[in-house]
Amino acid sequence: MNFLKSLGMVGCAALLVACSGDPGGGGFLNSTGQVAVATPAPGNVSAYAAARFLEQASWGPTPPSVKEVQRLGLSAWIDQQFKTPASIAVAPSYVIDYDDDNLSARDKAWTFFPKTFYDHTLGGADQLRQRSAWALYNFIPIGNTGFAYGKVEYYNTLQRGALGNFSDLIRNVTLNPLMGFFLNNDQNRADRPNENYARELMQLFTVGLVKLNPDGSVQRDTSGKTIETYTQQDVTQATKALSGWGSDYSPFLPRTNGANYGKPMIAQTWDGAHDKTSKTVLGSPIAGGQSASQDLDSLIGILVNHPNTAPFVSRRLIQSLVSSSPSPAYLSRVSAVFVSSRGDLAQVVKAVLLDPEARAGDDPAQQIARVGKMKEPVLAHTQVLRAMGCTQAVADSRNSKPDRVYEAWTQQAYFAPSVFGYYSPDHTAPESLVPAPEQKLITSDEVRRRASDLTYRVEKKADFTQAGCEVDLFVNAAATSDEALVALINERFFKGAMPAPLRLGAKNLLTQDLVNQTPQRKFTELLQILISTPTFGVVK
């Protein structure tokens, strides 16, 4: 179709327009200039508001989850999620220790995690925890390195800590053996210091490069230059505090370098492993003579309690869950919760989701133009599958390899390309001053695949039926009438609020380009076009 040919060229630009706009326009403001919105009580939450909330707080709305949010209300749903046990990946023996030189064994080991990830995202009850863990991974990542078991256990580290205390999370991340391997802290010794982890711990995971105000604005000196958060001396001193850790080798895993990725790193006891001298980091002293564990706790205390950490972490969480460009007031309110709760991530996430700026758009008439984020490929993919009713990973025989699942094509979950993650938090759309980090991933290839991949998968490669997907429901709607199909897609994928022009375009496609297609083709061809539009591709 001509529409499909042009979509690859205009799709990205359209997505950007949908996510930008006048920073001050489109909202309902009170006399103080703040967004005035009350969180709806149980029974007063519209289906649209519930679905919009679940776009932010889960891997995608489903009919049951929308009803559950309406029944409980937003705050009570969050509290229930806090009590829901974490989805943990339990690695089988073929993942824990395999012959890395055996291609078949290696492929089998590495396919375990993608299947488990999509099983969890599509069918797991702990949706808020999973989305929070994903938000944390976006700025505390491990790149595509190490062994399959290590990847599984790093995922588990984030899952367990996603709604806990930030200090505990950073400690567990620091002692995660794959992180130790990835950023070389398992090689950091008093006599052979390795600064890699200390530098990234400060730059990317906690305080950032430049000093911030509580609202996220950058501090500057009298000449207008940004003020650096830390110096090279701070890196050197932090490296000393982090010295002396190494992987646990019990039991020894001979075929995957020996380390047990299911256990945290342990403090080495031989002389010269840990630097026991006194240190000073960011102006705060760490007493001499302490153990590696004591020095680690001291360092984490300094970093987590630093004034930068609250706005730095809060911004990344807001960007991943709600809005790429939060207002200073929004960021300041969430930062205050981080400080008052001493880094309680559950309370911070709740503040992110229930903030008036996040909830204003639950009533379309109060929508704020600048509030929203693009759906990165993984999020768009899970939302499509959950809207189709899928409850577990969809088996996919791509490349004729067994155990493959239908994944987001251009973004592998928990396989960031580098320590900088998938994108910079400051990435902006071309010719825009508004941050749009996920836009970096919305390439022409990503848009083209969204617009053309579903039909192929349903017809030839992927087993949707075994995954619980309700393909027949959509096919039957297509067989009933064009109106029935559009209405069902509108409910499942567009929060029941598909814009009139898009609805008209869908009907025109069905009566013109798709008129002679089978009901299944009508469904897949129409849906893959609609999910390539800005209306679906942006969380607003």
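Which residues does Glu-153 touch, not counting residues up to four places away in sequence? In this predicted model, local features need pLDDT of at least 70 and side-chain atom pairs count only at pLDDT 80 or more, whereas totals for chains, interfaces and linings use all residues. Residues are numbered from 1 along each chain as its sequence is written, and side-chain values use heavy atoms, with hydrogens and water left out.

Glu-153 is placed in helix α8 (residues 148–161); helices (H or I, at least four residues) and strands (E, at least two) are DSSP runs, numbered from the N terminus. With contact defined as heavy atoms within 4.5 Å, Glu-153 touches Ala-89, Arg-160, Asn-176, Tyr-261 and Gly-262, apart from residues up to four places away in sequence. Glu-153 is buried but has no salt bridge. The nearest side chain of opposite charge is that of Arg-160, 4.2 Å away. Here buried means under 20% relative accessible area, exposed over 50%, and partly exposed in between (1.4 Å probe, protein chains only). A salt bridge requires a side-chain nitrogen of Lys or Arg within 4 Å of a carboxyl oxygen of Asp or Glu. Lys and Arg count as positive and Asp and Glu as negative, while His and the chain ends are not counted.

By this rule, the model holds 23 salt bridges. One of them joins the side chains of Asp-295 and Lys-279, at 2.4 Å from N to O. Because Asp-295 belongs to helix α13 (residues 292–304) and Lys-279 to strand β3 (residues 279–281), this pair ties together parts that are 16 residues apart in sequence. Asp-295 and Lys-279 are both buried. A salt bridge also links Lys-373 to Glu-438, with the closest N and O atoms 3.6 Å apart. Lys-373 lies in strand β5 (residues 373–374) and Glu-438 in the loop between β6 (395–396) and α19 (444–450), so parts that are 65 residues apart in sequence are tied together. Both Lys-373 and Glu-438 are buried.

The side chains of Lys-522 and Asp-482 form a further salt bridge (3.9 Å, N to O). Since Lys-522 is in helix α24 (residues 519–530) and Asp-482 in helix α22 (residues 482–493), the pair ties together parts that are 40 residues apart in sequence. Lys-522 counts as buried at 13% relative accessibility, and Asp-482 is buried with a relative accessible area of 18%.

Helix α12 (residues 232–241) contains the buried residues Asp-234, Val-235, Gln-237, Ala-238, Thr-239 and Ala-241. The cover over the buried residues of α12 includes α11 (196–206), β3, β4 (284–286) and α13.

Over the whole protein chain, the secondary structure comprises 25 helices and eight strands. The radius of gyration is 24 Å, close to the 24 Å that the globule rule gives for 540 residues, so the chain is as compact as a globular protein of that length. This radius is taken over C-alpha atoms, and the globule rule is 2.2 Å times the number of residues to the power 0.38. Along the principal axes, the C-alpha atoms fill a box of roughly 80 × 65 × 40 Å. Of the 540 residues, 56% count as buried. Among contacts between residues at least 6 apart in sequence, 72% join residues at least 24 apart.
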